[in-house]
Every structure is written in C-alpha cells, then in structure tokens.
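Have a look first, then we'll set values against cut-offs.

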Amino acid sequence: MSYLSELAALTDELIDAVAAIPKTQKRKLKSLRESTVQSLLNQNYLRTNQFEVQNRLIGLVERFRIVDREPLGDALEERLEALKPHVNDFTPEVLQFLLELSDKPAEKSRLSD
Amino acid sequence: MEKSEKQAAAQQAVDILHEISTLLNCQLDRRTLSICISMIENGVKPEALAEVVQKLREEGRVLMADIEALAAKPNAARRK
C-alpha cells in the first residue's frame, strides 16, 4: 500500500472514530477526507524535541502537586515510568500529540476515569 | 521476540499511553488513540494531527446539531 493510500485509509478511520459522520453523508465525508489529508500532509512543523516533551511532562507532574492533586501527579509519574520499556522512535511524538490535545488536566482530570 | 509477544507488548504500550491520555484529559478513546499512533508511525506530525482531531470533533458536533435540527423541524411543523 502506498504512503498516500495508507494515510487516506487511516484518515477514514479517524473521521469515523472522531466525527462519527453518518455514511449517508457522502459529500460531507469526501470533502472532510480531502481537507483532512491535506492538513496532515502539511509538514511545516519542527521536529519533536524529546527533551522538551519530557520537561513538559515533568512540569505537569509538578503542577498536579502544586495544585494539591498529588494522586494525579503520582499516577502520571507511574505511567511514564511504566512506558520506559516500551519507548521507541515515535514515543516522543505520541506524547507530544497527547500534550497538544490535553485540556486543563490540573482542573479537569479525574483519577476515577 | 515472537510475533504474539510483540503484539502483547504493543498492546501494553497502547494501554499505558491511553492511561496517560486520560490523565491529561485528552478525551480520546482507545480506538482513536490507536489510529493516531498508526498515523504518527506513518510520519504524520503530532501538531498537525492534534489540530485535525480538534477540527473533526467540531465538524462532528456541527453536523450532529444540523441533523438534530432537521429531525426536529417536521415535529415543529406538525405541532403548528
């Protein structure tokens, strides 16, 4: 499978998982697929700096502790430690993606989730 | 490492990353996270992917609101 067709297939899956647009909305799905693939091909981003990602995560652990949410800080630290044996070339990128999508975790995250 | 062992290790890594995503309040389910990991492994930049996910969430919300509004219209007309 070529790079573009693989990306298009993954894009279809992503649209289905995130936007859940009914299959009957063919025109909408087609335009969304095209614009999404175009956005994903945009390479005007710097390469992920793994040390910066690490510092942001350590900063977050500290922030959880500062705002009196120590169990969240401990849980995050534990998961980062557990991830170490599984680290590969893409792990910093995946962690950066999670940091980009993160939404006020010190206020909104719940350990029960 | 055997294939099944490799798969088990990969699953474990996704489980841990999913737990991290929950702690960071990323609002990602396991399936979406797995798709996103595959995309990143295919060279997609994390910032571009995060922007796309936000945009798709918004598109999904708008479309669902439109569909609900359309579905509600005939009822409103009937009530008149």
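Q: Why is Gln27(B) called partly exposed?
A: Count the C-beta atoms: Gln27(B) has 15 others within 10 Å. A residue is buried with 20 or more other C-beta atoms within 10 Å of its own, exposed with 12 or fewer, and partly exposed in between, with C-beta atoms placed from the backbone. So 15 makes Gln27(B) partly exposed.

Some housekeeping: this is a predicted model, where local features need pLDDT of at least 70, side-chain atom pairs count only at pLDDT 80 or more, and totals for chains, interfaces and linings use all residues. Residues are numbered from 1 along each chain as its sequence is written, while chains are lettered from A and ligands numbered from 1 in the order in which they are written.

Q: Where is Gln27(B) found, and what is its phi?
A: Gln27(B) is in the loop between helix 1 and helix 2 of chain B; helices here are DSSP runs (H or I, at least four residues), numbered from the N terminus. Its phi is near 55 degrees, a positive value in a residue other than glycine.

Q: What makes Lys104(A) exposed?
A: Lys104(A) has 9 other C-beta atoms within 10 Å, so it counts as exposed. The residue is in the loop between helix 5 and helix 6 of chain A, and its phi is near 40 degrees, again positive in a residue other than glycine.

Q: Why does Glu62(A) count as exposed?
A: Glu62(A) has 11 C-beta neighbours inside 10 Å, and that is why it gets the label. It sits in helix 3 of chain A. Glu62(A) and Glu77(A) are 15 residues apart in sequence and 9.9 Å apart in space, C-alpha to C-alpha.

Q: How do you know that the span of helix 4 of chain A agrees with what it should be?
A: The expected span is 1.5 Å times one less than the number of residues. For the 14 residues of helix 4 (residues 70-83) of chain A that should be 20 Å, and the end C-alpha atoms are 20 Å apart, so the two agree.

Q: Leaving aside neighbours within four places in sequence, what is Ile40(B) in contact with?
A: Contact calls for C-beta atoms, placed from the backbone, within 7 Å. The partners of Ile40(B) include Phe90(A), Val94(A) and Phe97(A), along with Pro46(B) and Leu49(B).

Q: How many residues of chain A are in contact with chain B?
A: 43 residues of chain A are in contact with 40 residues of chain B.

Technical notes. Helices (H or I, at least four residues) and strands (E, at least two) are DSSP runs, numbered from the N terminus. Two residues are in contact if their C-beta atoms, placed from the backbone, lie within 7 Å.
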